[in-house]
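This briefing is intended to be read beside the sequence and the 3D structure.

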Amino acid sequence: MQKTTPMASLETLQKLVPQVRRDILRMVHQVNSGHPGGSLGCAEFLVTLYNHVMDYSTDFSMDGKNEDLFFLSNGHISPVFYSTLARSGFFPVAELATFRKLNSRLQGHPTTHEGLPGVRIASGSLGQGMSVAIGAAETKKLNNDSNLVYTLHGDGELQEGQNWEAIMYAAAKGIDNLIATIDYNKQQIDGSTDDVLPLGDLRAKLEAFGWEVIDVEQGNNIEAIIKALETAKSATGKQKPIAILLHTVMGNGVDFMMHTHAWHGKAPNDEQLAIGLAQNEETLGDY
Amino acid sequence: MGLKEYTFTEKIDTRSGFGVGLAELGDANPNVVALCADLTGSLKMNAFKDAHPERFFQIGIAEANMMGIAAGMTIGGKIPFTGTFANFSTGRVYDQIRQSIAYSHKNVKICASHAGITLGEDGATHQILEDIGMMKMLPGMTVINTCDFEQTRKATHAIAAHNGPVYLRFGRPKMPNFTTALPFEIGKGIVLQEGTDVTLVATGHLVWEALEAAKTLHAAGISAEVINIHTIKPLDDALILASAKKTGAVVSCEEHNFLGGLGESIARVLAQHHPTPQAFVATQDTFGESGTPAELMEKYGLNAASIVRKAQEVIARKA
């Protein structure tokens with residue numbers, strides 16, 4: 001197995017991000033469905049995680065022994081996940097063109113069902129990823145595997161009660177090989193999280209449950225993300241699970257999609273696509 | 001045709017068969033891990049816990065989290081066995097099982113005690129009669145309902161060797177332990193009595209009742225074939241069809257709602273291949289209530305006497 005720790009340079013990461021944004025826009029536009037808002041907001045994070053932080057092999061194995069694992073809990077942001085996986089070498093970039101189409105491995109929400117490399121659990125029905133990640137982290141401990149488990153969750157997703165079962169468990173059982181990132185964009189389908197169901201003081205809640213919490217105010221800044229993930233990694237192994245509150249802007253990088261929930265689950269039309277693409281340079285070649 | 005004699009030295013609960021099987025597995029297979037949601041004693045998981053504390057995970061009263069953790073633990077090669085009551089193993093966590101276990105093809109063994117009405121005095125909140133239906137509808141899920149201690153012990157071993165998600169259903173009442181000499185193979189029904197007039201297809205706690213019913217029928221000059229279907233999915237279609245063709249009448253016997261249970265699976269096989277009169281010994285789209293197991297079996301028509309009545313009715317319907 002070829003295990004790699006891709007330590008891409010800042011320049012490389014900065015080239016990847018606009019290309020991933022282009023992929024996201026083109027994928028959802030092509031099938032007139034999907035979730036661009038949250039995907040765009042997490043482009044910097046996922047690109048950085050996969051190209052600068054995690055140890056893994058693109059020769060994918062479900063068990064992922066002695067590799068870092070990533071679980072996407074908010075499965076609706078599949079466009080950014082698929083683009084990042086393809087651009088990181090898990091499957092051909094050309095396959096992005098099959099997103100949400102019949103007989104595709106790139107289902108609307110990620111799944112293991114069609115055997116897409118890089119996906120270890122189905123997600124889409126919200127609130128389940130934290131528990132799954134804890135299980136994988138427990139198995140790593142049993143296997144004396146020192147690699148880490150990373151997750152990404154929506155902030156609105158924390159309204160699902162299963163998360164709090166998992167959050168309580170992880171702290172109580174000292175799951176200290178888990179770094180859970182919350183996409184803290186404060187938006188969900190029906191509006192702002194404050195309008196729908198306020199999350200309250202999320203940091204205080206997580207700390208009260210016994211977690212180590214790292215805030216990243218500039219959640220769309222690659223250098224800030226690298227710094228936070230390095231801080232998080234250095235905090236592992238200390239009997240506490242770690243949460244990163246990643247303050248992002250939904251729709252980041254496409255001006256008319258930013259700072260609104262309107263593009264949570266809506267695809268751009270031809271004209272809107274052209275505007276969005278014009279704001280993001282084709283750095284590595286479109287699929 | 002004479003009846004085979006089934007004897008037993010003791011009555012013992014099926015859940016204890018699970019507990020013994022799990023402890024044996026723990027010794028034999030280092031990849032087996034066990035998770036429990038605050039019902040370790042009720043599930044008889046103490047022996048595993050005491051022998052392998054590092055592989056026992058007390059999740060607390062958080063079944064959704066337990067199912068997710070179990071799914072995640074398979075990543076890296078563990079074989080998780082979850083333990084709680086049948087109600088909390090299925091209805092409470094259906095979506096977690098559906099997405100994180102079944103759709104994700106995770107090798108999780110969902111082990112459920114206190115299934116059905118024989119849970120008794122706790123009443124309808126805990127007496128799930130819909131779980132077989134929910135679990136058998138999930139693509140890729142194997143569904144097993146065992147009839148006594150030994151069958152449950154053997155099933156516990158068999159599901160560890162099977163790659164894929166499994167729902168194993170057992171219960172609380174003490175039942176005759178009579179299958180010691182019988183084999184257990186997932187998906188293979190067992191002919192307990194050979195007969196020619198009617199086929200009694202039984203699962204779980206109703207298997208012993210079906211054997212008792214066959215004796216009563218025999219005394220009345222009716223030859224009943226008794227088949228134990230422990231694996232409801234995948235169903236042993238061939239065995240059921242062969243018997244239905246021979247006897248021309250079927251009674252399905254289960255501690256479950258007649259909607260969604262073993263009886264409906266049998267009706268599907270018969271309708272597709274060999275339409276045959278069938279009667280259903282099962283609850284009739286109702287919730288349960290508090291009472292002793294024997295009182296409840298009597299009131300809800302889940303005992304040998306009820307099987308005898310249904311057998312006579314279905315024989316009368318033969319063309």
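**Helix α1 of chain A**

Helix α1(A) is followed by A:Asn32, a residue whose phi is positive, near 50°. The model is a predicted one. The helix itself covers residues 10–31 of chain A, and its 22 residues should span 32 Å at 1.5 Å a residue; the end C-alpha atoms are 32 Å apart, so the two values agree.

**The sheet of chain A**

- Chain A holds an open sheet of five strands, in the order β1-β2-β3-β7-β6, with parallel pairing.
- The edges are taken by β1 (69–72) and β6 (212–216) of chain A; each has a single partner strand, and therefore one side of each is left without a neighbour in the sheet.
- On average, and with direction ignored, neighbouring strands of this sheet are turned by 20° against each other.
- Strand β3 (residues 178–183) of chain A runs parallel to strand β7 (residues 242–246) of chain A, and five bridges join the two.
- One bridge pair here is A:Ala180 with A:Ala243, the latter lying in β7(A).

**Helices lying across the chain A sheet**

- Helix α8 (residues 202–209) of chain A lies across β6 and β7 of chain A, and runs at about 160° to β6(A).

**The sheet of chain B**

- In chain B, five strands form an open sheet with mixed pairing, in the order β9-β11-β10-β13-β14.
- Its edge strands are β9 (190–193) and β14 (278–283) of chain B, each of which pairs on one side only.
- From one strand to the next, the twist averages 25°.
- Strands β10 (residues 198–202) and β13 (residues 250–257) of chain B run parallel and are joined by four bridges.
- B:Leu200 has B:Val251 of β13(B) as its bridge partner.
- Helix α12 (residues 304–316) of chain B packs on the sheet, where it touches β10, β11 (224–228), β13 and β14 of chain B. The direction of α12(B) makes about 155° with that of β14(B).

**The two domains of chain B**

- Chain B is divided into domain 1 (11–176) and domain 2 (190–316).
- The centres of these two domains of chain B, taken over C-alpha atoms, are separated by 25 Å.
- Contact between them involves 27 residues of domain 1 of chain B and 30 residues of domain 2 of chain B.
- On the domain 1 side, the elements of chain B that give two or more residues are α6 (131–136), β6 (142–145), α7 (149–161) and β8 (174–176).
- Of these, β6(B) supplies the largest share, four residues.
- By class, the domain 1 side comprises twelve nonpolar, eleven polar and four charged residues.

**The interface between chains A and B**

- Across the interface, 23 residues of chain B are in contact with 30 residues of chain A.
- On the chain B side, two or more residues come from each of α3 (63–73) and α5 (94–102) of chain B.
- The most is given by α3(B), with eight residues.
- By class, the side of chain B that touches chain A has ten nonpolar, eleven polar and two charged residues.

Terms used. Residues numbered from 1 in each chain as written. Chains lettered and ligands numbered in written order. Predicted model: local features only at pLDDT ≥ 70, side-chain atom pairs only at ≥ 80, totals over all residues. Contact = placed C-beta atoms within 7 Å. Nonpolar A, V, L, I, M, F, W, Y, C, P; charged D, E, K, R; others polar. Pairing = 2+ DSSP bridges. Axes fitted to C-alpha atoms, helices over the stretch in contact; angles between N-to-C directions. Expected span 1.5 Å × (residues − 1). Domains from an automatic or database assignment.
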